Amino acid sequence: MPAITPLNAVHRATGARMVDFGGFDMPLHYGSQLEEHHAVRRDAGMFDVSHMRVLDLAGPDARDFLRHALANDVAKLVTPGKALYSCLLAENGGVLDDLIVYWRGGDDWRVVVNASTAGKDVAWLRSSLERRGAAVVLTVRDDLAILAVQGPHARAKAWQALPQIAPATAALLPFHAAATHTRRGELFVARTGYTGEDGFELMMPADCAADIWYALEGAGVRPCGLGARDTLRLEAGMNLYGQDMDETVTPLESGLAWTVDLSGERDFAGREALLAHAPSRRLVGLVLAETGGVLRAHQRVVAGNGHGETTSGTFAPTLARSIALARVPAAVRPGDEVRVEVRERALAARVVKPPFVRNGASLVG
C-alpha cells in the first residue's frame, strides 16, 4: 500500500483523482489539470508536497560536513535563512538526488530531499557522517507537512490566509526562508518553488496542515495536483529526478553545472569523477516546430552530429506548443534544428536554452 500524507483525507474529500507517486498516494488533479496550470500562472495555486522529506542537521561539524557532502558549497550561505540548490553525488559523479539546503543560523541546517530518494539519501548521509566521525545529529522530520503556494498572487493570498506569517516574510527575498512560531509549533516559510512563479513553500507540524490548507483555499488559492505541477516545472525548465537525471548521469550532463562549485580545493563527493571526464552530452530544451505530435519522454532525437533522447516532454499550456528536455551531443547548441521521432515521424524541433517560461511569460519567442 502506498504511504499517505497528512492531507490525504482532504484530497479525497475534495474529489481528487489519486495516483501512486514515489510510493505515496497523491492527487493528480482535482478536476481540470489545465485549469490548475493556468491558476498558478495567472493567480495562485497550492500543492501538497508533504511526500518530500525534511532533514534537519545540527552540530558543530554540520557546515564542514555539508561542504563535503554536496556539490555546491554551503559556505556561500552567509545570511541565516538563505537557501542553496545543490546535488548529492555518488563517487562516480552520478546524481543521487537534487535538493535545497537552508542555513538556519549557528550550527542548524535544513535539507529538503525528494520523496523517491529520501531513503537512500538518509542512508548515504548517515554512512558518511559515521565514516567522518562528524559531530552532527541528523533528524528526519516525519512530523512535518509541506505546502507549496505558487503564482503571481500567491504571497498576497498566503498573507491573507495566514496573517501571522506577514511580519517575518513581508521583506523575504527569493531563495530565503524565515520561521514564525505559533501555538501549534513552528511555521517555516521559504520563498522557493518548482513552477517558475513566485510564492512560498510552507513547512509546518502535520497536525495543522489541513487547517492551513482550508485557510489558503478560503483566500482563493486553488488546489493543484501532480499533473499541473509537472507541466509547470517543465515550462520552467526544472529537472525531475528519475527522468531528467539520476545516478547514471552527472550534473554537467543534466543542465545543472551551475549547482556544482569546482572552484578552490574543496573536496566533495564526486569531484574527482567530474574533473576526470569531460561531458560528451548536455541537456537542452526543445520546442516542436511543426504539427503532428506531442513531445514525450524517451523519444529519439537526431542532430547533425549524433543522436540523443528526450527526457521529459509535454504540451505546454502557457505556450500552446509542445516542449521537451533532451540529452543530446555536447556540440548541439541553442538555435540548432533537430528531428524528434514521434510515432514513426521525424518532426522538426528547435533547440533552446531553458527555461521556456518564467513569471508567466514566454522566453522562447
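Reader: In this predicted model, how do helix 2 and helix 8 stand to each other?

Author: The model is predicted, so every value below is computed from it. The axes of helix 2, residues 33-42, and helix 8, residues 226-235, come within 8 Å and cross at roughly 50°. Angles under 35 degrees count as roughly parallel and those from 65 to 115 as roughly perpendicular, and the two helices are therefore oblique to each other.

Reader: What is the handedness of the crossing of helix 2 and helix 8?

Author: Two packed helices are described by the angle between their axes and the distance between the axes. For helix 2 and helix 8 that angle is roughly 50°, and a further description of their crossing is its hand, which is right-handed.

Reader: Which residues of helix 8 make the contact with helix 2?

Author: On the side of helix 2, the contact is made by Gln33, Glu36, His37, Val40 and Arg41. The residues of the contact, taken from both helices, divide into three nonpolar, four polar and three charged. From helix 8, the residues that take part are Gly227, Ala228, Thr231, Leu232 and Glu235.

Reader: Which residue of strand 17 stands opposite Gly285?

Author: Strand 14, residues 281-288, pairs with strand 17 in the antiparallel sense over seven bridges. Within strand 17, the residue opposite Gly285 is Leu325.

Reader: How many residues lie between strand 16 and strand 17 in their hairpin?

Author: Strand 16, residues 306-316, is joined to strand 15, residues 300-303, by a hairpin through two residues. Strand 16 also pairs with strand 17, residues 321-329, in the antiparallel sense over seven bridges, with Thr310 opposite Ala326. In the hairpin of strand 16 and strand 17, Ala320 in the turn has a positive phi of about 55°, and the number of residues between the strands is four.

Reader: Which strands are the edge strands of the open sheet of six strands?

Author: This open sheet has the order 10-11-12-9-3-13, with mixed pairing. Strand 3, residues 45-48, pairs with strand 13 in the parallel sense over two bridges, and Gly45 stands opposite Arg222. An edge strand here pairs on one side only, and the two that do so are strand 10 and strand 13.

Reader: Is Val149 buried or exposed?

Author: Val149 lies in strand 9, residues 144-150. Leaving aside neighbours within four places in sequence, Val149 is in contact with several residues, among them Gly45, Met46, Phe200 and Leu216. The relative accessible area of Val149 is 0%, and since the cut-off for this class is under 20%, Val149 counts as buried.

Terms used:
Residues numbered from 1 in each chain as written. Predicted model: local features only at pLDDT ≥ 70, side-chain atom pairs only at ≥ 80, totals over all residues. Heavy atoms only, no water. Axes fitted to C-alpha atoms, helices over the stretch in contact; angles between N-to-C directions. Parallel < 35°, antiparallel > 145°, perpendicular 65-115°, else oblique. Left-handed = near helix turned anticlockwise from the far one by under 90°. Contact = heavy atoms within 4.5 Å. Nonpolar A, V, L, I, M, F, W, Y, C, P; charged D, E, K, R; others polar. Pairing = 2+ DSSP bridges. Buried < 20%, exposed > 50% of the residue type's maximum accessible area, 1.4 Å probe, protein only.
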